[in-house]
Amino acid sequence: MAESMQGLHRSHRCTEVSNKNIGETVTVMGWVQKRRNLGSLIFIDLRDRTGLLQLVFDENDGEVFEKAKGIRNEFVIAAVGKVRKRDGAVNDSMKTGDIEVAVDTLRILSESETPPFPIEEDSNTREELRLKYRYLDLRKPHLQKNLKLRSDITTFIRKFMSEEGFLEIETPTLCKSTPEGARDYLVPSRVHPGSFYALPQSPQLYKQLLMCSGYDRYFQIAKCYRDEDLRADRQPEFTQVDMELSFVDIEDVIDVNERLMQALFKEILNVDVPIPFPRMTWQEAMDRYGSDKPDTRFGMELVDVTETVKNCGFGVFTGAIENGGTVRGINVKGQGAMSRKKIDKLVESAKGNGAKGLAYLCIQEDGTYKSSFAKFMTEEELDNLVKDMHGEPGDLLLFAADRNKIVWNVLGALRLELGEQLELIDKSQFNFLWVVEFPQFEWSDEQERFIAMHHPFTMPMEEDLDYLETDLGKVRAKAYDIVLNGSEIGGGSVRIHQADIQEKMFKALGFSNEAAQEQFGFLLNAFKYGVPPHAGLAYGLDRLIMHMLGEDNIREVIAFPKVKDASCLMTEAPGPVDAKQLEELCIATVRPENLV
């Protein structure tokens with residue numbers, strides 16, 4: 001039966017007890033990790049968020065010893081006793097492995113049923129079960145360590161930003177729904193029937209308004225929401241480290257953020273991150289790596305061989321070029337003897353990323369070629385192609401031919417897949433990179449128009465302003481992403497603060513003056529009253545922490561994450577609501593099968 005604390009006060013957390021406390025009486029509280037009954041002695045490993053401490057019970061202590069016999073794993077207990085050196089061998093795997101507490105007072109504060117899985121590391125528990133009982137999963141030491149470090153990271157960021165003159169200001173989470181970007185999560189209004197709030201995808205418009213209001217430097221650790229498909233590094237609700245600065249340009253934003261990352265990695269991981277970070281234009285990143293968030297920890301860069309093969313006899317290559325596409329390849333060094341079965345798997349992987357196929361050429365150790373397309377090309381054409389690819393005996397050359405977007409996507413994904421397979425990536429490295437000069441617009445096949453690659457308030461590069469009225473595909477943005485080990489951890493831009501440029505931007509995106517005023521009137525009106533040049537950036541905090549802690553899944557650094565269908569296995573959200581609630585909101589639901 002559970003007991004009360006009856007006036008006991010915890011004196012130490014488990015690993016706060018050390019050999020400096022030998023001879024002292026301490027009071028500790030926590031969960032039972034393990035109990036071992038040796039007949040005349042009972043040992044209990046007590047666990048709290050700091051780690052483990054061994055308790056020992058002696059049969060000569062009568063009542064306390066008998067009570068200890070009934071304890072099971074995950075019972076919550078309080079124990080009072082004297083710290084002493086261990087009689088047995090020291091446990092080097094425990095921070096407190098050279099001491100123990102001889103208990104003379106024991107309280108069972110709460111009993112526990114047998115958990116559905118062991119509360120220990122590497123228990124091989126299915127993730128679905130872990131997430132259903134997340135409150136138990138969170139007792140595991142590695143998750144407690146992760147969330148402790150998450151707290152340390154946010155505390156450090158707040159301190160750094162404050163010392164840099166930023167003010168932490170909260171912005172609303174019930175906002176106006178605006179077009180462009182991902183789908184909003186909508187919240188119906190009871191007071192305004194038929195009208196909806198949107199949960200913020202970012203505090204973008206509010207932070208720009210704060211710059212209009214003269215707050216100069218703002219930051220916020222903000223909850224954001226996007227109704228989009230999930231991946232290993234994405235959640236429907238996530239946390240941003242959001243910032244905005246007045247009277248600045250790109251260099252000012254980059255400077256403060258490089259110093260933030262350098263200080264953060266030193267403080268949390270004791271890793272020295274050199275600054276300034278390398279920079280690469282969006283075009284260079286796509287041409288070299290097939291990605292706007294390249295992993296620069298290994299080579300295997302893309303090579304454009306369009307000029308070399310444009311007049312060859314292989315129709316797949318020439319056809320793609322005639323249709324405005326390109327031919328590019330990657331050299332997989334030392335893999336020329338790769339089996340046909342493995343190559344076929346790579347072909348299937350390429351098709352999964354949009355390719356119609358994948359051409360390959362193996363350079364044998366004797367210098368001869370084994371290829372899927374050699375019969376369509378002359379020996380001279382093949383030699384020139386191999387030369388372009390810096391091919392050597394023992395290499396495997398892989399080629400994709402299509403529109404640029406598809407070729408980049410296919411070879412960029414294939415490069416990462418092979419980097420993992422062939423263990424080319426040094427996981428101990430932290431490679432930062434700025435990707436700059438993004439396209440201002442991207443073509444949407446779905447909407448059959450150009451849309452903003454970032455958002456409608458991103459400033460074009462000054463030298464490209466004339467293209468706003470003549471050639472939208474040539475306009476580059478004053479936008480920048482910060483990339484870490486092949487993952488975009490943050491992004492931002494210089495904002496438009498001139499009314500005439502903003503008007504041209506809306507026109508380019510197909511907004512009438514009336515539509516722009518309806519959607520963004522509150523911001524445009526604020527801009528009439530004096531707006532400073534401003535720029536900002538936002539980090540995906542969850543993703544940043546995932547990389548800092550070496551986790552492969554973002555759920556390992558979030559206390560209560562959701563799964564791929566955006567549901568919570570623990571609380572079973574989302575779920576149905578009472579008909580009365582829907583009636584109050586003037587909402588009727590439709591069964592999915594009745595939707596047209």
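**Group meeting: nonpolar cores in a predicted model**

I'll start with the inside. The largest nonpolar core has 68 residues, and those that touch the most other members are M243, M261, L264, F432, Y480 and Y539. Helix α6, residues 250-269, supplies the largest share of this core, with 9 residues. Please keep in mind that this is a predicted model.

Take L264 as an example. Which residues does L264 touch, leaving out those up to four places away in sequence? The list is I153, F156, I157, L269, L544 and M548.

Now the chain as a whole. In secondary structure, the protein chain has 16 helices and 22 strands. How many residues does the protein chain have, and what percentage is buried? The chain has 596 residues, and 47% of them are buried.

On contacts, consider pairs in the protein chain that are at least 6 apart in sequence: 67% of those contacts join residues at least 24 apart.

For overall dimensions, the C-alpha atoms fill a box of roughly 95 × 75 × 55 Å along the principal axes. The accessible surface of the protein chain is about 30,300 Å², and carbon and sulfur atoms account for 48% of that surface.

Last, charge. The protein chain carries 97 negative side chains and 73 positive ones. Where do the two sets sit relative to one another? Their centres lie 4 Å apart.

Key. Residues are numbered from 1 along each chain as its sequence is written. This is a predicted model: local features need pLDDT of at least 70, side-chain atom pairs count only at pLDDT 80 or more; totals for chains, interfaces and linings use all residues. Side-chain values use heavy atoms; hydrogens and water are left out. A nonpolar core is a set of buried Ala, Val, Leu, Ile, Met, Phe, Trp, Tyr and Cys residues joined through side-chain atoms within 4.5 Å. Buried means under 20% relative accessible area, exposed over 50%, partly exposed in between (1.4 Å probe, protein chains only). Helices (H or I, at least four residues) and strands (E, at least two) are DSSP runs, numbered from the N terminus. Contact means heavy atoms within 4.5 Å. Accessible areas come from the Shrake-Rupley method with a 1.4 Å probe; for residues, only the protein chains shown count as cover. Lys and Arg count as positive and Asp and Glu as negative; His and the chain ends are not counted. The place of a charge is taken as NZ of Lys, CZ of Arg, CG of Asp or CD of Glu.
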